Amino acid sequence: MTFSSEPRSMRRSFNTLALLVFIAANSCIAQAETLPGIEQVLAQITPRESAAPISQDPRWKKPKKIHVMLPAAYRPNQSGDFQAWLSAGLDAELVLVGSLEELDQHAGDIEVLVGWCHFLPGQYPRLRWLQSLSAGVEVCAKNDQFNRPGVLVSNGSGTAAPAIAEWVISSMMMMQRRFLDYYQAQLSKQWQATFEAVPPGREINGKTLLIVGLGSIGKQVAWRAKGLGMKVTAIRNSSRSGPEYVDYVGLGDELPALTRQADVVVNAAPLTEKTRAMFDRAFFGNMKSDAMFINVGRGGSVVQEALIEALKGGTIGAAALDVTTPEPLPEDSELWALPNVFITPHRSANTRETSLRIWVFLKENIRRYIEGEKIFNLVDLQRGY
């Protein structure tokens, strides 16, 4: 595949747009928008429900307080009272914390903690349940306060999946139809109407999409891709089971064979010891020379030097990356200047709808925990998901 050169200024424009979307998503809140109902949210994200009521777990104890760590930069700016809305109907006091200093003041009193693990570096000797706001829990697993037998951990898996899936589909279509080339021409005020200037794009109807990791994000991607006429295959470690809109589900040892058949490969897998650096030189060597690689999993799953080599050498056609290693991506990374790469700064999840959906879901999970009911998205930090 041939791509136009010097897309950096255009890429900056797209990243600026992504940042504005992120800011907008975090400036809205349930009471300033039309709240989706919890039934609607659960049907959309299909979270995993625990096998038994959490009150049957010896680690559970009905909490008197719920501490929510939400730094000021991430705190919703709403017309109503966010704390009042979140605490309404909960049979426990909700304490909204905005800084590490404030959190440290409560550390010895914390039994239930809600937040992002990278904002929670302290010591919490009474902690019984951690509710992570994000789906990825690799940072939680590195924290001895959370990764110990006496602590239950659940995550926000599924809440961002619809938004991330739309990012996958839109970036795939943008690259396949060469929208980056045309946008660069637009910035230069050039009417590029010849095949020499911009070679023909490719339709996605009838093409094969391989999803690595058939969790909440993978399923949302698969459903949309199937609706667009694509053949959808997937890889998962747990079993060959999958929804009806996935044509074939393979196990891990089938990755090379399924990769050779794919026109687009999407990494939607969590970062674990098994997935770390799994997308290496051998993997990219198995891809079609005009195939596209999309990463909405984790940057650590990819050997980035191998990806750069594959993109520069024509081993693969293009890539769309919402995650890299490290993050932020250094200014001297070769990825920035490659004409067949689209990059966003880990912002594929940030939509106004995600901002609403996550808090509706979390309020319900907090309520269930307080009441000792079945809760959603319990994770095994040893396993990584």
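A: Buried means under 20% relative accessible area; exposed means over 50%, and partly exposed lies in between. Keep that cut-off in mind, and note that this model is predicted.

Q: Are Asp-263 and Arg-202 buried or exposed?
A: Both Asp-263 and Arg-202 are buried. Their side chains also form a salt bridge, at 3.4 Å from N to O. Asp-263 sits in the loop between helix H9 (255-261) and strand E9 (264-267), and Arg-202 in the loop between helix H7 (179-187) and strand E6 (208-212), so the pair ties together parts 61 residues apart in sequence.

Q: How many salt bridges does the count come to?
A: The rule looks for a side-chain nitrogen of Lys or Arg within 4 Å of a carboxyl oxygen of Asp or Glu. By this rule there are 21 salt bridges.

Q: Which parts does the salt bridge of Lys-62 and Glu-371 tie together?
A: Start with the pair: the side chains of Lys-62 and Glu-371 meet at 3.9 Å, N to O. Lys-62 belongs to the loop between helix H2 (38-45) and strand E1 (65-69), while Glu-371 belongs to helix H12 (residues 352-371), so this bridge links parts that are 309 residues apart in sequence. Lys-62 has a relative accessible area of 34%, so it is partly exposed. Glu-371 is partly exposed too, with 40%.

Q: Where do Glu-364 and Arg-367 lie?
A: First, the general idea. An α-helix has 3.6 residues a turn, so residues three or four places apart point the same way. Now the case: Glu-364 and Arg-367 both lie in helix H12, 3 residues apart, about one turn of the helix. Their side chains meet in a salt bridge of 2.9 Å, N to O. Glu-364 counts as buried because its relative accessibility is 13%. Arg-367, at 26%, counts as partly exposed. Salt bridges with shared partners join Glu-49, Glu-364, Arg-367, Arg-368 and Glu-373 into one network.

Q: What is the order of the strands in the open sheet?
A: Again, the idea first. Strands of a sheet pair through backbone hydrogen bonds, either parallel or antiparallel. Here 5 strands form an open sheet in the order E2-E1-E3-E4-E5, with parallel pairing. Strand E2 (93-97) and strand E5 (152-154) are the edge strands, each pairing on one side only. From one strand to the next, the twist averages 15°.

Q: How many bridges join strand E4 to E5?
A: Strand E4 (residues 129-132) is joined to E5 by 3 bridges, and the two run parallel. Take Gln-131: its bridge partner in E5 is Ser-154. Helix H12 packs on the sheet, touching E1, strand E3 (112-115), E4 and E5. The direction of H12 makes about 170° with that of E4.

Q: Which residues of H11 are buried?
A: In H11 they are Gln-304, Ala-306, Leu-307, Ile-308, Ala-310 and Leu-311. What covers these buried residues includes helix H10 (281-286), E10, strand E11 (318-321) and strand E12 (341-343). Just after H11, Gly-314 has a positive phi of about 80°.

Q: Where is Ser-301 found, and what is it in contact with?
A: Find the loop between strand E10 (292-295) and helix H11 (304-313); Ser-301 is there. Its relative accessibility is 0%, so Ser-301 counts as buried. Leave aside its neighbours within four places in sequence, and Ser-301 is in contact with Asn-267, Leu-271, Thr-275, Arg-276, Ala-277, Met-278 and Phe-279.

Note on methods. Residues are numbered from 1 along each chain as its sequence is written. This is a predicted model: local features need pLDDT of at least 70, side-chain atom pairs count only at pLDDT 80 or more; totals for chains, interfaces and linings use all residues. Side-chain values use heavy atoms; hydrogens and water are left out. Helices (H or I, at least four residues) and strands (E, at least two) are DSSP runs, numbered from the N terminus. Buried means under 20% relative accessible area, exposed over 50%, partly exposed in between (1.4 Å probe, protein chains only). Contact means heavy atoms within 4.5 Å. Two strands pair if DSSP finds at least two bridges between them. Axes are lines fitted to C-alpha atoms, for helices over the stretch in contact, and angles run from 0 to 180 degrees between N-to-C directions.
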